[in-house]
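Q: I'd like to learn how to read packing, pairing and chain contacts in a model. Walk me through it, please.

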Amino acid sequence: MSQAAPLIEARHLAKRYGERDVLDDVSFTLHQGQCLALFGPNGAGKSTLLKLVAMLIRPSNGELYLDGRRVGEDQDALRRRIGVLSHQSFVYDALSARENLVFYGQLYGLAQPAERADQLLSQVGLDLFAGDPVRTFSRGMIQRLAIARALLHDPDLLLLDEPYTGLDQKAVAMLDDEVDRAKAAGTTIFLISHDFAEGLRAADRAAILYRGRLRYFSDGPVSPEDFAQTYQGLVG
Amino acid sequence: MTLKPSFSRAVWAMLVKDLRLEFHTKEMFSALLIFALLVAVAFSFAFDVAPEGLREVFPGMIWVAFFFAGMLALNRSFASEKQNGCLQALMLGPFDRSAIYFAKVIGNLLVMLASEVVLTPLFFIFFDMRLDGSIWLLAAIWLLATFGFIAVGTLLSALAAQARASEILLPIIVFPVITPVVMAAVKSTAGLLLGARLVDYAIWLKLLVAYDLIFLAVPFILFEYLLEV
Amino acid sequence: MPEAKGPARDMTQTLGLLAAVAVFVALGLVFLWVPAERVMGDVQRIFYFHVASAWNAFLAFLVVFVASIAFLRSGSHRWDTLAYCSAEIGVVFTTITLITGPIWARPIWNTWWSWDPRLTTTLILWFIYLAYLVIRSSAEGSQQQSRLAAVFGIIGFVDVPIVFMSTRWWRSIHPTLIQTDKMNMEPSMVFTMVFSFVSFTILYAFLLSYRVRLETLAERAAALKRDLRR
């Protein structure tokens, strides 16, 4: 367990939309290199929490610290270190795989976006299709491209919002490989999932969010069977 | 607003991406060309008058054609970003979000100006108009009017895209707001083509400049608020 | 949070009473007391309500503008509700203006519509705030959609003076068909006009207060429903 400052520290985070409290008093810490798996029923606020950590939205209350720094105004430097993989692919259908990656490389200020794009394309096994427009890709191929996009700028923190949704076996295996590779490289991972087995596979900690509140946060890895029991007890 | 390297780099990257997308799909450009020409044809039937009569309505007609066509094109402006959630991906980027607006404005402006370069000579030919004035003045009017339209139109197209409303929303919200641009463009064009002295219609050019400045600055500030997810 | 009883409801009721009295008196003044205009005759009486409506429409949209800015900056939902309700009432007053204008114009200048600067600007204003309502009405309690409406509320209002100036310059070559400044206004007419304006302003305040309460309660009911569904 690292003794350095935690990479993510949430203190009493709350998010309210109009009259609704989507998140209420969420506090936790996650250290560099750890992998957190977050579970919960639909509408629990999981995606909202992930968006808060991604600095996509601002909390209504509470504070968020990333790498010891309070998340406030000038967040460009912090954003540079975060990679996001969602159930939406974030790629442009009319462009080729390579064009997509080169674009994002430029956006993130990479020194050599073209080379890095090619590197990642072969890493996810898409080098043969690099020049083909994304609209010709299968769902699994699109997800592989999305993984490549998320890892393109070598992020310290990887946020995965239900990334296994609708994936075929091959793509699931590919995603597992990439998650393991990232973990080995010391990347911190925050993963939202519905599937206990998949989500807990690489997780160091597990958490349950229910109706906007953090009901459970494990101290260490949890087996899917034990976790299923805990989940059943809390959520039903 | 300091011009950080991340800002200009992001604007450039997004601009190139949008132009490349447009080059691949030609969605906006073709919409502009076809629709503007259709309007021209419709007008030539609708105003079944002698050629002199058509020349009188020419300034109004060409700008109605351009702005209606422009509206269709603007509808597509943020369409590529809404697909696959790309707008969120852009918001996650390490740069100020107003760069997204900036890049879109420049991109839309270039595409629309490109279509006008093709359409304007065609319109002049169809309606047998002659340019007795300075072509630089014409270019200035075209640039100022198009810029005003695009500056506010881009913001409103982002708004309409976020509103998840039907495609009919954009024309409803754009037209009332751009009426000063329409008036100024038509009056300046009429002045130029009818050989009036510049001082007679200079006030409309000044209006265009003022409008362009206001509706570049205000959307720039407000754009951020459209983006929250 | 509005209660069934309490100071908010009392204010609404007081305003309502005041508005009723003021408008009643204004009606009396306009139709019974003030003399007919020398040139235009009795039809000119509608002018008092026409101007009162126009000014209150503008006031309503000014409130939309200010409330929209406040909403964007604070995120507090009450500003959004205020903007929405004020826009609704503003559209009503604008509609009244647009209807009373032609009613007045037709017998005197023999035309229903004149494209004169003020009427044209009012028409465009009508479109802008109708568009605002279209955006806002699809909000369904979503803060994001309310924010979109607020942005448009700001853009629309910034545009209005520019539209007005443009329409003014547009018509400068042709003589203004309707010369509203050429009316012969006696002191009693000035008094009636001011009184009409004030009474309509109280009416606006009452309508706004009532509508805001109504909207707040409606949203609360919708939120409760949403929670029950989960």
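**Helix against helix**

A: Start with who touches whom: from α2(C), Phe61(C), Val64(C), Phe65(C), Ser68(C), Ile69(C), Phe71(C) and Leu72(C) meet Arg147(C), Ala150(C), Gly153(C), Ile154(C) and Phe157(C) of α5(C). Residues are in contact if their C-beta atoms, placed from the backbone, lie within 7 Å. That contact of α2(C) with α5(C) splits into nine nonpolar, two polar and one charged residue. Nonpolar means Ala, Val, Leu, Ile, Met, Phe, Trp, Tyr, Cys and Pro; charged means Asp, Glu, Lys and Arg; the others, Gly among them, are polar.

This is a predicted model, where local features need pLDDT of at least 70 and side-chain atom pairs pLDDT 80 or more, while totals for chains, interfaces and linings use all residues. Residues are numbered from 1 along each chain as its sequence is written, with chains lettered from A and ligands numbered from 1 in the order in which they are written.

Q: At what angle do the axes of α2(C) and α5(C) cross?

A: Packed helices are described by the angle and the distance between their axes. Here α2 (residues 46–74) and α5 (residues 143–170) of chain C have axes that come within 8 Å and cross at roughly 130°. So α2(C) is oblique to α5(C): under 35 degrees is roughly parallel, over 145 roughly antiparallel, 65 to 115 roughly perpendicular, the rest oblique. Axes are lines fitted to C-alpha atoms over the stretch in contact, with angles from 0 to 180 degrees between N-to-C directions. Helices (H or I, at least four residues) and strands (E, at least two) are DSSP runs, numbered from the N terminus.

Q: Now strands: does β1 of chain A pair with β4 of chain A in the parallel or antiparallel sense?

A: Strands pair if DSSP finds at least two bridges between them. In chain A, β1 (residues 8–17) and β4 (residues 61–66) are antiparallel, with five bridges; Ala10(A) sits opposite Leu64(A). β4(A) also runs antiparallel to β5 (residues 69–70), joined by two bridges, and Tyr65(A) faces Arg70(A) there. Two residues lie between the strands of that hairpin, where Asp67(A) has a positive phi near 55°.

Technical notes. Contact = placed C-beta atoms within 7 Å.
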